[in-house]
Amino acid sequence: MAYVITQNCCKDASCVPVCPVDCIRPAESGLDSASAEMLYIDPESCIDCGACFEECPVGAIHYEEDLPPELRRFKDLNAAYFERHPLEPVSPPAPAARARVDAGSLRVAIIGSGPAACYAAAELIDVDGVEVNLFERLPTPFGLIRAGVAPDHQHTKSVVGIFERVFTNPRFAGHFNVEVGRTINHGELLAHHHAVIYAVGAATSRQLGIPGEDLVGHHAAAEFVGWYNGHPDHAGHQFDLSSECAVIVGNGNVALDVARVLLMDRATLAATDVAQHTLDALADSAIREVVILARRGIAHAAFSAGEFLALGHLDGVDVVVDPADLPDDDAHDDVETSFKLAIAREYAERSPTPGNKRVVFRFGAAPVAILGTERAEGLEVSSARGAEVIETSLILRSIGYRGLPVAGLPYDEDSGTVPNECGRVVDGAPVPGTYVTGWIKRGPRGVIGTNRLCAEETVAQLWADFGAGLLARDIAGRESLDALLAARVGEPVGWQSWRAIDAAERDRGAQTARPRVKFVSIEEMLSAGLRG
Ligand code: NAP
């Protein structure tokens with residue numbers, strides 16, 4: 001018997017170093033090689049010790065015998081990976097050389113509190129002497145872990161547990177409710193820190209660039225995601241849920257998250273931390289079909305195989321794939337792509353269940369124009385079948401995120417990122433003491449755990465600069481920073497305030513057997529956080 005990694009893998013790879021027989025792959029250390037969507041355990045080499053199971057931050061590892069029925073396929077997938085990539089020993093990377101850190105000689109500001117920021121903080125705080133100040137615009141930490149991960153993926157959110165030791169370290173301070181660029185600027189951060197790491201993510205959505213994009217009823221999927229996750233910026237949105245069919249353009253993991261939330265039965269959704277306003281709005285939803293539009297074929301689908309498989313286990317929902325949209329040839333070098341093809345073929349063979357709702361995949365279908373006068377009434381689509389119109393009043397574009405310029409830093413308009421070399425910001429030459437990590441560094445790709453390698457790479461640049469003496473200079477003390485923030489934002493909002501908000505949300509949830517009922521306005525959050 002062996003342990004098996006399932007689709008809920010965050011790719012943080014904490015399991016890899018604890019495996020005594022080194023049988024978890026891919027275990028590469030470079031970010032380029034981090035593109036494989038999952039990690040796998042070689043069933044032939046696994047010795048059932050359970051070390052990986054204990055270590056996994058998101059509960060994605062199961063003992064083979066205990067695999068729930070909907071995850072049993074992952075046993076074969078783990079084995080199939082090693083049939084194509086036989087296990088070879090990997091020599092562990094040499095530990096990065098780093099200079100000694102005397103007290104007061106390295107204080108780092110981290111901007112943002114999502115997974116990229118948290119992994120960067122974790123990487124730094126373990127070194128004696130390093131001080132970290134983390135700045136977050138909202139009164140609540142964790143960025144997309146709180147406001148991006150779908151509510152039915154509660155286990156994924158449990159990754160925050162690994163960051164608790166960082167946030168409670170006496171050399172760490174969380175400054176929430178502080179907006180860098182408005183409350184405090186880059187120059188002021190540099191005046192109080194030896195180095196600044198921006199982990200601000202990709203805050204906006206890409207545009208389709210087709211006629212009709214401004215019509216009411218067309219939204220970025222990210223707005224819908226923020227709405228169902230109770231993000232204060234998105235809590236006030238209204239979505240037209242009155243037509244039978246909704247269309248999602250793009251077929252990445254966000255598209256699948258949104259489709260599930262639109263179609264999932266209310267009782268299942270109510271058992272999650274989905275925003276209460278979303279639960280109430282969906283109770284009156286007329287949507288029975290969600291069309292997911294993929295401009296390319298299944299072999300290029302951006303969703304992960306595990307998420308595609310899980311969709312087929314959603315109660316009361318059929319997954320519909322037209323066999324004519326699938327390629328004739330199943331041969332593919334890549335294990336995950338082969339798996340996606342196999343799953344798509346199974347969906348294509350299924351018969352509809354009377355009364356079920358439907359997710360309909362349209363591969364090879366590109367959006368041409370959003371039709372309507374004042375509101376969206378349909379989406380014109382072009383495919384091998386010719387031109388057609390899908391009637392709908394709700395179109396969500398789920399075609400990827402885009403980073404915004406950061407005040408005081410260079411910006412690459414094409415990629416929506418801050419120009420950098422392995423995380424060191426460059427504007428012709430390196431910008432002293434300034435770094436990036438996460439989506440603002442590498443673009444909006446990868447899952448939560450991808451940010452671990454990304455942060456390691458950025459922090460390695462910071463150590464190199466520190467070791468070369470490039471970060472050594474006189475900076476103002478902590479008291480000066482506290483006084484500046486107090487003058488601009490009043491009462492500090494930090495980890496203790498978040499604990500109070502967290503406890504209050506959980507209490508509200510306990511009253512209705514939900515994990516939490518989120519506060520969705522900054523005022524409510526501050527009131528709970530400062531009262532607690
Ligand atoms: P994504 O994975 O980049 O997918 C974007 C999709 O939009 C692709 O299917 C792409 O198709 C399509 N697209 C782009 N431009 C288009 C256009 N002009 N017209 C039509 N289609 C277009 O983005 P995402 O879904 O926003 O996800 C972002 C990242 O978060 C990903 O790395 C994802 O894995 C991660 N994420 C993970 C999870 C999870 O693990 N459960 C959940 C949510 C998000 P082409 O390939 O043809 O360009």
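**Disulfides**

I looked first for disulfides, taken as pairs of cysteine sulfur atoms within 2.5 Å, and the count by this rule came to 0. Cys10 takes part in no disulfide, and the nearest cysteine sulfur, that of Cys9, is 5.8 Å away. I noted that the closest cysteine sulfur to that of Cys46 belongs to Cys23, at 5.2 Å, which is too far for a bond.

I then looked up burial, where buried means under 20% relative accessible area, exposed over 50%, and partly exposed in between (1.4 Å probe, protein chains only). Cys10 counts as buried because its relative accessibility is 5%. Cys46 is likewise buried, at 13% relative accessibility.

**Basis of the entries**

I record that the model is predicted, that local features need pLDDT of at least 70 and side-chain atom pairs pLDDT 80 or more, and that totals for chains, interfaces and linings use all residues. Residues are numbered from 1 along each chain as its sequence is written, and side-chain values use heavy atoms, with hydrogens and water left out.

**Ligand site**

Which residues are closest to the ligand? I found Asn251, Asn253, Arg295, Arg296 and Gly446 to be the closest among the 23 residues that surround the ligand; a residue counts as near if one of its heavy atoms lies within 4 Å. By class, this shell holds 10 nonpolar, 7 polar and 6 charged residues. The classes are nonpolar for Ala, Val, Leu, Ile, Met, Phe, Trp, Tyr, Cys and Pro, charged for Asp, Glu, Lys and Arg, and polar for the others, Gly among them.

Helix α10 (residues 253-263) gives the most to the shell, with 3 residues. Helices (H or I, at least four residues) and strands (E, at least two) are DSSP runs numbered from the N terminus.

I then listed polar contacts, which are pairs of N or O atoms within 3.5 Å; within protein, one atom must be able to donate a hydrogen and the other to accept it, and residues adjacent in sequence count only if both atoms are side-chain atoms. A polar side-chain atom of Asn251 lies 2.5 Å from a ligand oxygen. For Arg296, a polar side-chain atom is 2.9 Å from an oxygen atom of the ligand. For Val254, a polar backbone atom is 3.1 Å from a ligand oxygen. On its own the ligand has 910 Å² of accessible area, of which the protein covers 81% (Shrake-Rupley method, 1.4 Å probe; for residues, only the protein chains shown count as cover).

**Ala302**

I located Ala302 in the loop between β12 (289-294) and α13 (305-311). Ala302 counts as partly exposed because its relative accessibility is 47%. Leaving aside neighbours within four places in sequence, Ala302 is in contact (heavy atoms within 4.5 Å) with Glu37, Asn251 and Gly252. Ala302 and Asn253 stand 49 residues apart in sequence and 6.9 Å apart in space, C-alpha to C-alpha.

**His194**

Is His194 buried or exposed? His194 is buried, at 4% relative accessibility, and sits in the loop between α8 (186-192) and β8 (195-198). A polar atom of the His194 side chain lies 3.5 Å from the backbone oxygen of Ser105. Beyond four places in sequence, its contacts include Gly104, Ser105, Arg107 and Arg473.

I found helix α4 (residues 115-125) largely enclosed by the rest of the structure, because 10 of its 11 residues are buried. Among them are Pro115, Cys118, Tyr119 and Ile125.

Ser205, in strand β9 (residues 204-205), is buried at 13% relative accessible area. Its contacts beyond four places in sequence include Ala220, Arg397 and Tyr401.
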